[in-house]
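Welcome! Please take a moment to look over the sequence and the model, and then we will walk through them together.

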Amino acid sequence: MTQDEKIERHTISVLVDNEAGVLARVVGLFSGRGYNIESLTVGEVDQSEHTSRITVVTAGTPMVIEQIKAQLDRLVPVHKVMDLTVEANSVEREMALVKVAGTGERRVEALRLSDAFRARVIDTTHTSFVFEVTGTPSKIDAFIGLMRPLGLVDVSRTGVVAIARGPEAM
Amino acid sequence: MAAQELTGAEIVIKALVDQGVDTIFGYPGGAVLPIYDALFQQNKIRHILVRHEQGAVHAAEGYARSTGKPGVVLVTSGPGATNAVTGLTDALMDSIPIVCLTGQVATHLIGSDAFQEADTVGITRHCTKHNWLVKSAPELARVMHEAFYVATHGRPGPVVIDIPKDVQFQKAEYTVSPHITHRTYRPKVKGDIEKIKEAVDLIANAKKPMFYTGGGVINSGTVASQLLREFVRLTGYPVTSTLMGLGAYPASDKQWLGMLGMHGTYEANNAMHDCDVLINIGARFDDRVTGRLDAFSPGSKKIHVDIDASSINKNVHVDVPIIGDCAHVLEDMLRIWKSKARRPDKAALADWWKQIDLWRERKSLSYKTNDEVIKPQQAIQRLFEMTRGRETYITTEVGQHQMWAAQHFHFDEPNRWMTSGGLGTMGYGMPAAIGAQIAHPDALVVDIAGEASILMNMQELSTAVQFMLPIKIFILNNEYMGMVRQWQQLLHEGRYSHSYSDSLPDFVKLAEAYGATGIRAEKPSELDAALKKMIETPGPVMFDCRVDQLENCYPMIPSGAAHNEMILGDDADGASVSEEGKMLV
Ligand SMILES: Cc1cc2nc3c(=O)[nH]c(=O)nc-3n(C[C@H](O)[C@H](O)[C@H](O)COP(=O)(O)OP(=O)(O)OC[C@H]3O[C@@H](n4cnc5c(N)ncnc54)[C@H](O)[C@@H]3O)c2cc1C
Ligand SMILES: Cc1ncc(C[n+]2csc(CCOP(=O)(O)OP(=O)(O)O)c2C)c(N)n1
Ligand SMILES: [Mg+2]
């Protein structure tokens with residue numbers, strides 16, 4: 001495999017006008033052109049300015065990643081595109097709600113491990129917990145992996161949000 | 001005093017007038033009746049009633065491409081909008097500015113599967129540069145002006161404004177001025193000056209340079225063509241163009257090598273392959289042009305000027321990318337070239353031209369005539385010669401005739417050539433001719449057609465008759481979907497599966513049935529007189545020109561091959577296509 005064909009994972013932030021259909025445009029761009037979406041999150045970030053921020057985690061060759069950014073940038077309602085993987089030192093977080101059902105030893109073990117992951121219990125019954133866990137996607141993968149043999153029944157993940165370190169705005 | 005309130009429909013008309021629109025192409029229906037009513041009560045805008053909404057969009061494309069102004073379309077909801085989809089996709093692929101207004105069911109009915117409801121913004125999201133659903137009349141004027149801005153700025157393209165019927169009735173103030181800047185969309189027109197300097201250095205030091213120009217020069221406007229001419233002549237370098245860029249550089253000039261690509265000339269393609277500096281001005285390294293990517297111009301440093309960053313490094317990696325408008329960048333290039341008193345390497349250039357002249361001697365566009373059948377190339381060459389000195393606009397359908405037109409009709413001016421390049425839409429040519437004729441009422445407008453393609457939008461002949469548009473439809477009738485047949489010959493051992501044009505209408509009688517004039521020629525000896533008659537007959541004419549049925553279009557780079565692996569007409573017999581090549585379109 002040459003350098004040009006190496007698949008890289010990139011986290012891209014897209015600041016958009018919060019108008020109808022904007023998310024469909026972004027998602028449609030990825031599906032229409034055959035790009036990967038590993039994760040996609042969106043939320044309004046400035047109510048008075050009507051702007052939302054979309055965070056996409058994608059994978060592709062360097063040429064494809066360049067294309068993705070250029071394609072995003074030319075969408076009419078897009079203000080700015082930033083590749084957090086190359087343009088900035090950044091932090092990434094994801095949150096998951098993880099439901100684990102069980103009793104006895106397994107229940108105790110689940111609780112003990114959740115503590116090590118700084119997960120919070122946000123719902124409990126005699127036979128189940130719902131944990132809230134925040135961290136990098138790999139930390140969440142690890143937590144879910146550990147819960148699987150302990151009675152994992154349900155997972156809901158937010159997808160990745162990310163931001164550049166330091167004082168500057170996007 | 002408060003501004004007067006207008007209905008949504010009146011706002012639409014006022015915004016069009018304020019944008020300088022004088023002509024729209026459309027077809028009515030329930031969901032646009034209020035706009036048609038407002039049209040009825042004014043006389044600033046002329047409405048051309050087409051016979052199918054696809055025709056409306058292609059007509060608007062012909063209007064736009066021949067004038068440099070945006071084309072405007074008005075259609076109803078549901079089937080009106082879906083019929084427009086092919087035209088919109090065509091305009092998107094070829095970067096043609098179109099503003100398409102679609103009617104929509106009333107806002108409170110959206111989503112209820114109401115009569116003639118279609119999710120127009122959903123359906124057209126992928127075939128427009130941008131689109132809007134306008135949910136209230138107060139937004140309408142702003143969206144209208146924004147739409148014109150988006151369609152015409154940056155890389156041009158089609159936009160759709162979907163207007164529910166209740167919004168057309170609703171009253172609102174008309175307040176916006178037509179000159180807006182967009183909140184988010186502000187394409188860059190000036191190129192990075194450091195990159196331009198780098199490019200000029202490369203260009204000046206080239207030993208085997210080559211200009212590769214494209215539709216972007218046409219999009220950029222006539223000034224860009226002027227600047228291109230000036231720069232190319234100043235350098236003395238050879239120049240070729242894509243199908244979409246024909247006319248930006250005069251074909252009669254000695255530095256012109258003809259079109260490049262799949263059906264380009266031997267000299268243009270070989271020069272592309274062997275050059276050491278490739279100067280791409282407004283072309284997008286399309287697969288019809290590059291051939292096999294890993295063998296594309298392997299030894300050259302590549303400069304690419306394009307207004308759309310996503311065109312750069314999409315298919316071919318370039319060394320000096322310049323994001324900007326062709327005219328602006330060419331102006332800077334010229335200024336820097338002159339201020340630094342740059343001179344090309346005369347000796348190297350002389351050797352390069354010597355090599356190019358050897359390729360030219362191969363005469364790759366030659367063909368043999370006889371007394372029995374009209375050769376399609378001959379028909380076009382005669383058309384070209386007999387229309388010289390006139391203001392002539394050529395449109396085409398899609399197929400062999402289109403390629404022969406590109407090869408044998410020579411353009412010295414931009415905006416005279418309208419063809420469906422990116423999408424390759426059969427049925428484009430006649431409505432596009434209608435649009436061009438509307439814009440240039442006194443010019444000669446000819447649709448060079450194939451007998452299969454012309455049937456795809458034949459109904460538009462009725463439009464031409466109604467509006468007394470003297471378009472000429474010049475059908476090269478080979479009784480085959482010739483381009484398909486040629487590929488079947490090359491790729492599928494001559495099994496001509498469903499590519500014979502059976503049960504053709506009698507085109508002469510058909511023309512007459514529409515109220516147009518029909519002409520036929522079957523022998524070379526009849527050709528000139530028939531062409532003369534076509535050109536001189538007032539009103540629309542359809543000319544059934546019977547040509548050699550089995551002629552193939554050469555030269556040709558078979559799919560999956562490189563620029564220096566062309567099939568030429570005189571040694572085409574043993575030609576074949578690689579297994580990988582067969583997978584390509
Ligand atoms: C049957 C058939 C055969 C064909 N064979 C050939 C062939 O042999 N040779 C050939 O060349 N084509 C051929 N084509 C056409 C081909 O498919 C493409 O449409 C064509 O090559 C693209 O031309 P272009 O590169 O000039 O790009 P266009 O589609 O014209 O795109 C223009 C480019 O310029 C940019 N641009 C737009 N405006 C500006 C501006 N103001 N300033 C700077 N840049 C701008 C755009 O971003 C874009 O990248 C064929 C088509 C058909 C249907
Ligand atoms: C709408 C559409 N359908 C199918 C095709 C595929 N196609 C490309 S060329 C061609 C044949 C065109 O035949 P004709 O108009 O007679 O032109 P010729 O090649 O014979 O000159 C076809 C079917 C197309 N380009 N467009
Ligand atoms: Mg034919």
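Is Gln116(B) buried, partly exposed or exposed? With a relative accessibility of 26%, Gln116(B) counts as partly exposed, because buried means under 20% relative accessible area, exposed means over 50%, and partly exposed lies in between (1.4 Å probe, protein chains only).

Before we go on, a word on what you are looking at. This is a predicted model, in which local features need pLDDT of at least 70 and side-chain atom pairs count only at pLDDT 80 or more, while totals for chains, interfaces and linings use all residues. Residues are numbered from 1 along each chain as its sequence is written, chains are lettered from A and ligands numbered from 1 in the order in which they are written, and side-chain values use heavy atoms, with hydrogens and water left out.

Let us begin with chain A. Four helices and nine strands make up its secondary structure; helices (H or I, at least four residues) and strands (E, at least two) are DSSP runs, numbered from the N terminus. Read from the N terminus, the order of elements in chain A is β-α-β-β-α-β-β-α-β-β-α-β-β. Taken along the principal axes, the C-alpha atoms of chain A fill a box of roughly 55 × 50 × 35 Å. Chain A has 170 residues, and 44% of them count as buried.

How does chain A hold together along its sequence? Contact here means heavy atoms within 4.5 Å. Among the contacts in chain A between residues at least 6 apart in sequence, 72% join residues at least 24 apart. Chain A carries 19 positive and 23 negative side chains, and the centres of the two sets lie 5 Å apart. In this count Lys and Arg are positive and Asp and Glu negative, while His and the chain ends are not counted; the place of a charge is NZ of Lys, CZ of Arg, CG of Asp or CD of Glu.

Thr124(A) is partly exposed, with a relative accessible area of 47%. Leaving aside neighbours within four places in sequence, Thr124(A) is in contact with Arg107(A) and Phe129(A). Thr124(A) and Ala101(A) are 23 residues apart in sequence, and their C-alpha atoms are 9.7 Å apart in space.

Now turn to chain B, which has 23 helices and 20 strands. Its C-alpha trace spans about 75 × 60 × 45 Å along the principal axes. Of the 585 residues in chain B, 60% are buried. Among contacts in chain B between residues at least 6 apart in sequence, 76% join residues at least 24 apart. The accessible surface of chain B comes to about 22,400 Å², and 51% of that belongs to carbon and sulfur atoms.

What lies inside? A nonpolar core is a set of buried Ala, Val, Leu, Ile, Met, Phe, Trp, Tyr and Cys residues joined through side-chain atoms within 4.5 Å. The largest nonpolar core has 99 residues, and those with the most contacts inside it are Met333(B), Phe474(B), Met534(B) and Phe543(B). Helix α13 (residues 326–339) of chain B gives the most to this core, with eight residues. Apart from this core lies another, of 45 residues, including Val85(B) and Met418(B). Not counting residues up to four places away in sequence, Met534(B) touches several residues, among them Leu383(B), Phe474(B) and Phe543(B).

Finally, a few details of the backbone. Most residues other than glycine have a negative phi, and most peptide bonds are trans. Gln116(B), where we started, is not a glycine and yet has a positive phi of about 55 degrees; Gln116(B) is found in the loop between β5 (98–104) and α5 (120–124) of chain B. Ser503(B) also has a positive phi, near 50 degrees, and is exposed, with a relative accessible area of 67%. Ser503(B) lies in the loop between α20 (482–491) and α21 (507–514) of chain B. A cis peptide bond joins Tyr554(B) and Pro555(B), with omega about -5 degrees.

How values were computed. Areas by Shrake-Rupley, 256 points an atom, 1.4 Å probe, with all protein chains shown as cover.
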